[in-house]
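Trainee: Please take one part of this model and go through it slowly. I would like to see how it sits among its surroundings.

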2 protein chains.
Amino acid sequence: MRQTTTEAFAALADLLGDRFTTAQAIRDQHAQSESHVISGPPDAVAFPRSTEEVSILLRIAHEHHIPVVGWGAGSSLEGHALAAHGGITVNFSQMAQLLEVRPEDMLVRVQPGITREALNTELRATGLFFPVDPGANASLGGMAATRASGTTAVRYGTMRDAVLALEVVLADGTVIRTGTAAPKSSAGYDLTALIVGSEGTLALITELTLRLQGQPEAVSAAVCAFPDMTSAVDCVIETIQSGVPMARIEFLDPAAVAACNAYSGQALPAAPHLLVEFHGSAAGVAEQAERFGEIAADQGCSGFQWAERAEDRAALWKMRHNAYPACLASRPNATSVITDVCVPISRLAEAVEETAADIAASPISGPILGHVGDGNFHAILLVEKGNAAEEHEAMRLAGRMAERALRLGGTVTGEHGIGMGKLGYMEAEHGAGWAVMGAVKRALDPRGILNPGKLLPPVQ
Amino acid sequence: MRQTTTEAFAALADLLGDRFTTAQAIRDQHAQSESHVISGPPDAVAFPRSTEEVSILLRIAHEHHIPVVGWGAGSSLEGHALAAHGGITVNFSQMAQLLEVRPEDMLVRVQPGITREALNTELRATGLFFPVDPGANASLGGMAATRASGTTAVRYGTMRDAVLALEVVLADGTVIRTGTAAPKSSAGYDLTALIVGSEGTLALITELTLRLQGQPEAVSAAVCAFPDMTSAVDCVIETIQSGVPMARIEFLDPAAVAACNAYSGQALPAAPHLLVEFHGSAAGVAEQAERFGEIAADQGCSGFQWAERAEDRAALWKMRHNAYPACLASRPNATSVITDVCVPISRLAEAVEETAADIAASPISGPILGHVGDGNFHAILLVEKGNAAEEHEAMRLAGRMAERALRLGGTVTGEHGIGMGKLGYMEAEHGAGWAVMGAVKRALDPRGILNPGKLLPPVQ
């Protein structure tokens, strides 16, 4: 360790006491990743309890040119929270308070470490809920940093829409507030939107003001099977285009269905499925469900199973949220390359079918599933642990998915983000715009201490 | 004119022929403003026809350090399009094509000079429409640059939500594309959101990809009177909080109503009014209207007038859109200071009532109206042309509105933008965040040629 780092770590130990640690076990915990992206551990881990502590920490790190990486729940999929260049990981688990609920403004103020499930548990009695649902019980700070979305984005939007205002700490320790509690503003650059999705490379988020939604009066959900992939995807496209305000519309291919059956004790037929949910007034939900049913029937849909009771719906969505572990469990000794892309809805059928054909022609398997209502789908490419040839094949398939998405006018990631895993596609997607991101980065973090190695062009 | 400018103008005349002019009459036209904000004319006006021409123009201007200001329809209200530092105004009226309609993706690609009314005329047969409606027949490029919104934002969002992707030209002539045609992305910084609302200070917009909405199956509108301002505003708050998906919910105070009566030949009672519109299925609209009616009745609403026929609705919204000229016409030889603020919905009643009391206590009059469903309202402060004392008083009242909005947790402008008119409130609203905007500006436009004198901190 360099002399200057030793000094910095001593100052941080003074600041945080045993909430600053270089213990190997803690450092190793922060080298864990949900995905195939790997990195060594950070040199130290900090557990701040306040914005002021984060500010002082960054001031010290800035002075000593030490990398700083934010850590929420560790559930990101492209290695965002890994300390690619060492340095300090800032774990926000002790900044996880619900600070204020403003039911009359349908807003909440939270600290970044609170998870979406914890937030919704706290909101239960208010008649409101936070809609963004990426499946994993992610932290809100991490969800904002990666511009997460998930099953309900088709109706309620992504973190881009859900974050109204932020408090963030810049690389040099300066604390700024972006946005206000007003529903809209045209007062200057949209710094909130600039920070959301910046993956911890521009600032650390210390507080979020989030939009809530009213709990719907009525909810209805269903699962239904289709004769083939094309008819299921066409049903999605037609439903979206017809303007039915779907709350959720999720696709599972037969391999994903088989994995979910085995893992969650379901007995769905071995066919492509859609899982759908409707929110609204009782009359509105009935009307939506009827329209969807007509469109689905035209596409040869069979075996509609309605989940009217809350516990049946909970079981349905638990099955969906467990699709990832279910797929992993479907092959012994497996790990996965999990990847997502997003395409215009008009190109969804092509994108899904070409991807399925590509995987079918490969020696490895990879269930396809996703939030198809907004053109977003995932492949969970299953590889034997330690089998380099299979991992290479999975990366090749994932790369072809990304290239296919760009060719069809889409994006290399709808919701997982860039991190380290998708750096190689940024130039193809953004061209000269990638350098503009680099210029913004240098303007806000000239020493490059915030999450180096992620999202941005290599420093020249 | 400096030697270097002479050279640059000669090069631009070569490039654009008679579409580059220094004629006094054309320059003077581009010193016109809809509002009280004034400036001298630009030194020249250019009428490019392609992205390539804009790129070459900026390359030349960049080389010669000449200011460049974009001009759409000239309808902005804070002097955004005025050449505060001289230079070249780029008039986009010859880049006003509808480039592509993608009905299956509910998207359209347009050039920046097309106006929202022209776009909607072209879309009429598609079953789709572009919802953002600031009243004025603004250009889409200008609406994106100022993050405009308007009467329908409460349901369909602002330009922040409507712009999916952009093609822009940076200060040095570099052309970049931000965003894709996919409905969402988490691939890097949200440059689209950074450009939207940047008021031409970061780039010139040469193409927009915009989200469309389905034309609702059923539409119903109504106007209704309330016994006092508090009951009207409380009705708005309760309606929004109850989750009724209002398409429009507009407030007019008695002075605005009187002006509209006189200007548009209506005979509304001299009371605070709400103008509302419902979009949905026939059953959905009926259900929404019934709920709204109940809430309004509880607030003492009377004299509901329904506009079921399209021509009646058109007359109603024409009256609303003409409220600005109507207010101007309500006082002989008047001009106005028109200003907007936006507050959290829970503070709307306070904000409107304190503003009304402030204006009532002043020697000048100022009707209040606005898109209150998202906490946004306007005062049209009427001053005698050339009366400096009245103008000073209007600016004082506008300043107090801005300060009040900040005190109540809101923003100094919901939709009009900063331009030159509201520069003085940026520090109060953003604190250290304003300097961050300045850092982003310098990173993208180090020579400061793009719309100098607007939005940003003074150059040190």
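Mentor: We start with a term: two residues are in contact if their C-beta atoms, placed from the backbone, lie within 7 Å. The model is predicted, so local features need pLDDT of at least 70 and side-chain atom pairs count only at pLDDT 80 or more, while totals for chains, interfaces and linings use all residues. Residues are numbered from 1 along each chain as its sequence is written, and chains are lettered from A and ligands numbered from 1 in the order in which they are written.

Apart from neighbours within four places in sequence, B:Leu210 is in contact with B:Leu107, B:Val108, B:Val110, B:Phe130, B:Leu140, B:Ala162, B:Val163 and B:Leu164.

Now turn to the strands in chain A. Strands here are DSSP runs of E with at least two residues, helices are runs of H or I with at least four, and both are numbered from the N terminus. Two strands pair if DSSP finds at least two bridges between them. Strand β6 (residues 107-110) of chain A pairs with strand β10 (residues 203-211) of chain A in the antiparallel sense, over four bridges. In that pairing, A:Leu107 stands opposite A:Arg211. β6(A) also pairs with strand β5 (residues 98-102) of chain A, again antiparallel and over four bridges, and here A:Val101 faces A:Val108. β5(A) and β6(A) make a hairpin with four residues between them, and A:Met106 in the turn has a positive phi of about 50°. Most residues other than glycine have a negative phi.

Chain A is divided into domain 1 (3-93), domain 2 (96-214), domain 3 (218-324) and domain 4 (327-407), with bounds from an automatic or database domain assignment. The C-alpha centres of domains 2 and 3 of chain A lie 28 Å apart. Five residues of domain 2 of chain A are in contact with nine residues of domain 3 of chain A. On the domain 2 side, these are one nonpolar, three polar and one charged. Ala, Val, Leu, Ile, Met, Phe, Trp, Tyr, Cys and Pro count as nonpolar, Asp, Glu, Lys and Arg as charged, and the others, Gly among them, as polar.

Last, the partner chain. In this model, 69 residues of chain A are in contact with 69 residues of chain B. The largest share of the chain A side, nine residues, comes from α17(A). That side divides into 27 nonpolar, 29 polar and 13 charged residues. Chain A can be laid on chain B with an RMSD of 0.0 Å by a turn of 180° and a shift of 0.0 Å along the axis, superposed by least squares on the C-alpha atoms of residues with pLDDT of at least 70 in both. The two copies are therefore related as by a two-fold rotation axis. The same surface serves both copies, since 100% of the contact residues of chain A recur in chain B.
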